[in-house]
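Welcome! Please take a moment with the sequence and the 3D view, and then let us walk through them together.

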Amino acid sequence: LRSFGAFLNEQLCKLTMLTLSTNVILLLVSLAGRSQCLSAAFQSLLPRVVHNVDQVSRNSASRLHCGREPHALPSESTPLCWTSRRGMIQRSLSAAMAPFLFQVSGALADDNIGRESANWENDSWMANPGKSFEKAQRLLAREAEAAAAKVTQAHLDEYRTKGVTVVQNVVSQQWIEALRDGCEVAQDEMGPMGEYLHKPEDAGIFFTDLELARRLPLFSAFSLYGPAAAVAGTVMGSSSVRYLYDQLFIKEKGVSTQTPWHQDGGYWRVKGQQIASVFVPLDSVPAHEGLEFVRGSQEWILHNPQHFADGTPYVGTSLPQMPDITNMKRSGKVKLDTFALKPGDVLVFSARTVHGGPGNWGRALSTRWTGDDGRYWDRPGEGAVPTGEVGLRDGDLLAKNGRAFPEAWKSF
């Protein structure tokens, strides 16, 4: 009993220190928010402080029993009881404080950070990113427009001829750091569509989950206020862009599972010429580890998709089977494009462009966007997205349901 009492006392002390540390961070953030701008020193300090508090929480919880089964992960990455504490830290700091990390002025300081915004639509399908993001909208919009301005005629020509292009240096380091934190939160708070696709003997993990922006404020903020929508709209030549969904991929070195050859559009009940994915790498990707794109396949018809988990084809779609890209590659019947990427770059590719391959690219967020002509497609058989009832009929513009498909960018 004496030993058990000492153990409980130790844990109480750790939790008390954790609470005090969290309050100190919140105080620092509040004070920083009231200054004219956030100093470079504090910008570099805050992510490390958050990381250290996160580690304290993890170490403290590692000796407690939480009474719930964690998701199946390699032992080194098994989530413990610290999910709720970590979630609070990530949501109130990494998510709500992201505008501060973008060097937003003290006008963004808000005593109600983390609370629901009074102006947020109660019936919106997107997670509430918080008041501070709404106040930062104009400044973040300027950043997005600056990213869109980096799209050149050469990018437009490459997208038109190859179905894919790379736009460099459009996602800020602050967004990259926040999204890296989000990779951990996403695994701890896996959604209903989340799955691990690696084999038991693999040295790394292959994790994917989708529609994170509908659940997690950080991903909602990136979708609504980040640069991806502006870049997508500029490359597609659309006057406006709507959020379709986002999908996180973590494919580490040591994973033997190949990404199947597929077209994104084959999975969706959405049609139109202006539909694109913006792939945001969070780690450096050498060309041989990146996705491979079949040049010119954006001109192909859509083909039947397959489940990533087991390779089985979707049932009843009426779409033709995907050609054997691997054999076509060996015989030289198709040309493949690969790209070396660094954090800050984005891949923009058409929903019809065939891609896949063995590469293990690390962490990446793929955001999906529709332009002016994005319409609901009530096709037969299986379909992955949208994941629920959206109240649209075949041929309806997605703009008819702005709650499910909010406008994220508009050209001026």
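Asn169 sits in the loop that runs between strand β1 and helix α8 (173-188). In this predicted model, the phi of Asn169 is near 55°, a positive value in a residue other than glycine. Is Asn169 buried, partly exposed or exposed? With a relative accessibility of 42%, Asn169 counts as partly exposed.

You will find Ser318 in the loop between β8 (292-294) and α11 (325-331). Ser318 has a relative accessibility of 64%, so it counts as exposed, since the exposed class begins over 50%.

Strands of a sheet pair through backbone hydrogen bonds, either parallel or antiparallel. What is the sense of the pairing between β1 and strand β10 (residues 346-350)? The two pair in the antiparallel sense, over 4 bridges. To find the place by eye, look for Thr165, which stands opposite Val348 in β10.

The partner of β5 is strand β11 (residues 355-357), joined to β5 in the antiparallel sense over 2 bridges. Within this pair, Thr259 stands opposite Gly357 in β11.

The loop between β4 (240-251) and β5 holds Glu252. How far apart are Glu252 and Phe206, in sequence and in space? They are 46 residues apart along the sequence and 6.4 Å apart in space, C-alpha to C-alpha. Leaving aside neighbours within four places in sequence, Glu252 is in contact with Gly204, Ile205 and Asn360. Glu252 counts as partly exposed, at 33% relative accessibility.

Next come the helices. Two packed helices are described by the angle between their axes and the distance between the axes. Helix α6 (residues 137-148) and helix α10 (residues 228-236) pack at an angle of about 35°, with axes 8 Å apart. Their crossing is right-handed. Which residues meet there? From α6 come Ala144, Ala147 and Ala148, and from α10 come Ala230, Val231 and Thr234. By type, the residues of this contact divide into 5 nonpolar, 1 polar and no charged.

Why is α10 described as largely enclosed by the rest of the structure? The reason is that 8 of its 9 residues are buried. Among them are Ala228, Ala229, Gly233 and Met236. The buried residues of α9 include Phe219, Phe222 and Tyr225.

Moving towards the end of the chain, look at the loop between β13 and β14, where Pro386 lies. The peptide bond from Val385 to Pro386 is cis, with omega near 0°. Asn401 is also found in the loop between β13 (375-376) and β14 (407-410). Asn401 has a relative accessible area of 7%, so it is buried, as the cut-off for buried is under 20%. Not counting residues up to four places away in sequence, Asn401 touches Val390 and Leu392.

Finally, take in the whole chain. Its secondary structure comes to 11 helices and 14 strands. Of its 412 residues, 53% count as buried. Among contacts between residues at least 6 apart in sequence, 80% join residues at least 24 apart. The accessible surface of the protein chain comes to about 18800 Å², and 52% of that belongs to carbon and sulfur atoms.

Notes
Residues are numbered from 1 along each chain as its sequence is written. This is a predicted model: local features need pLDDT of at least 70, side-chain atom pairs count only at pLDDT 80 or more; totals for chains, interfaces and linings use all residues. Side-chain values use heavy atoms; hydrogens and water are left out. Axes are lines fitted to C-alpha atoms, for helices over the stretch in contact, and angles run from 0 to 180 degrees between N-to-C directions. A crossing is left-handed if the near helix is turned anticlockwise from the far one by less than a right angle, and right-handed if clockwise. Contact means heavy atoms within 4.5 Å. Ala, Val, Leu, Ile, Met, Phe, Trp, Tyr, Cys and Pro count as nonpolar, Asp, Glu, Lys and Arg as charged, and the others, Gly among them, as polar. Two strands pair if DSSP finds at least two bridges between them. Buried means under 20% relative accessible area, exposed over 50%, partly exposed in between (1.4 Å probe, protein chains only). Accessible areas come from the Shrake-Rupley method with a 1.4 Å probe; for residues, only the protein chains shown count as cover.
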